[in-house]
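Here are some notes to read alongside the model. Could you keep the 3D view open as you go through them?

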Amino acid sequence: MQENGRKRSAVSRPRRNDLSQENIPFYLSQGNETDLFQHAWSNQLPVMIKGPTGCGKTRFIEHMAAKLGRPLYTVSCHDDLTAADLVGRHLIGEEGTFWVDGPLTRAVREGAICYLDEVVEARKDTTVVIHPLTDDRRILPIERTGETLKAPAEFMLVVSYNPGYQNILKGMKPSTRQRFVGMTFDFPPPELEQEIILRETGVDEKTATALVKLGNALRVLKDHDLEEAASTRLLIYAARLMKSGLSASEACLAAMAEPLTDDLETRDALMEVIRISLP
């Protein structure tokens, strides 16, 4: 296949998540977030999701992509992410130079959902490439090929970040933030978090209840002894280890205390809270 005088190689086909209606990832709504997301998609509006690590942002996007029947491209943003990583680049092969689409370009071509996870970690010049896709134009100019792609109605851009990590150097510019519909996530209330743990792990109700109480006890320590709160994800990890036969102490040390801190004294203090909270 020739494009702008250059071949698009078969190896450039994307690796994407095709999430079917028959296999919608489990997600338990806390409010109207599923309705809001669907309205944003129907109106061709980009979405910005804010919330702490491990509160369910990525699972929510996977759930909604499957519910809407759209392919999902997920990009984990980092300091070295370049515009070419998103849009694409020319490569040299045996038959000469050919163009390879990046995940953002693939999503636009296919009318997929493109999810930029922790977008504030990306370089500032990288996020500029999304601006034409987040206003009424809904276009993606590809300077290196001379193309200008018009996003189909099914395409959607979603970004997320953790506001707790924001500072002067790592924060979303107001000119970028105001291009999105915003949603704020937090950890589920205890009754919902318990139901999530039960559904995700199969542990008994007593264990799920104790883990939720433990998680909330540890979250009080955020900004005091801990930089990051104990996430729902970590509670699920601990429950799975316990379900497979590890003791509560071993499971919580590996899945909670160790990931939350590198300081030995703080880790020991966490383990004391764990021993008091769990049977």
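1. Ground rules. This is a predicted model, so local features need pLDDT of at least 70 and side-chain atom pairs count only at pLDDT 80 or more, while totals for chains, interfaces and linings use all residues. Residues are numbered from 1 along each chain as its sequence is written, and side-chain values use heavy atoms, with hydrogens and water left out.

2. Strand 10. Start with strand 10, residues 156-161, where six of six residues are buried. (Buried means under 20% relative accessible area, exposed over 50%, partly exposed in between, with a 1.4 Å probe and protein chains only; helices are DSSP runs of H or I with at least four residues, strands runs of E with at least two, numbered from the N terminus.) In a regular strand the side chains alternate between the two faces of the sheet. Here both faces are covered: Met156, Val158 and Ser160 are buried on one side, and Leu157, Val159 and Tyr161 on the other.

3. Its neighbours. Which strands pair with strand 10? Strand 3 (residues 47-50) does, in the parallel sense over four bridges, and strand 7 (residues 113-117) also pairs with strand 10 in the parallel sense over four bridges. (Strands pair if DSSP finds at least two bridges between them.) Have a look at Val158: Val47 is its bridge partner, and Tyr115 stands opposite Val158 too.

4. Aromatic rings. The whole structure has three aromatic pairs. (Rings of Phe, Tyr and Trp, the last by its six-membered ring, pair if their centres lie within 6.5 Å; planes under 30 degrees apart are stacked, over 60 edge-to-face, the rest tilted.) One of them is Tyr27 with Phe60, tilted, at 5.1 Å centre to centre and 55° between the planes. Tyr27 sits in the loop between strand 2 (6-8) and helix 1 (33-42) and Phe60 in helix 2 (residues 57-68), so this pair ties together parts 33 residues apart in sequence. Phe60 also meets Phe37, with centres 5.5 Å apart and planes at 85°, so that pair is edge-to-face. Phe37 lies in helix 1 and Phe60 in helix 2, 23 residues apart. Tyr27, Phe37, Phe60 and Phe185 form one aromatic cluster.

5. Pockets and a cavity. (On a 1 Å grid over the protein atoms alone, a cavity is a set of points where a 1.4 Å probe fits but cannot get out; a pocket is an open set with protein on both sides within 12 Å along at least five of seven lines; lining residues have an atom within 4 Å of a point.) The largest pocket has a volume of about 520 Å³. Of its 23 lining residues, the closest to the centre are Gly54, Cys55, Gly56, Arg59 and Arg233. Helix 9 (232-243) gives the largest share of that lining, five residues. The second largest pocket holds about 270 Å³, and Trp99 is one of its lining residues. The search also finds one cavity of 30 Å³ or more, lined by residues including Lys124 and Lys173.

Note on methods: Points joined across faces, edges and corners; volume = space filled by probe spheres on them.
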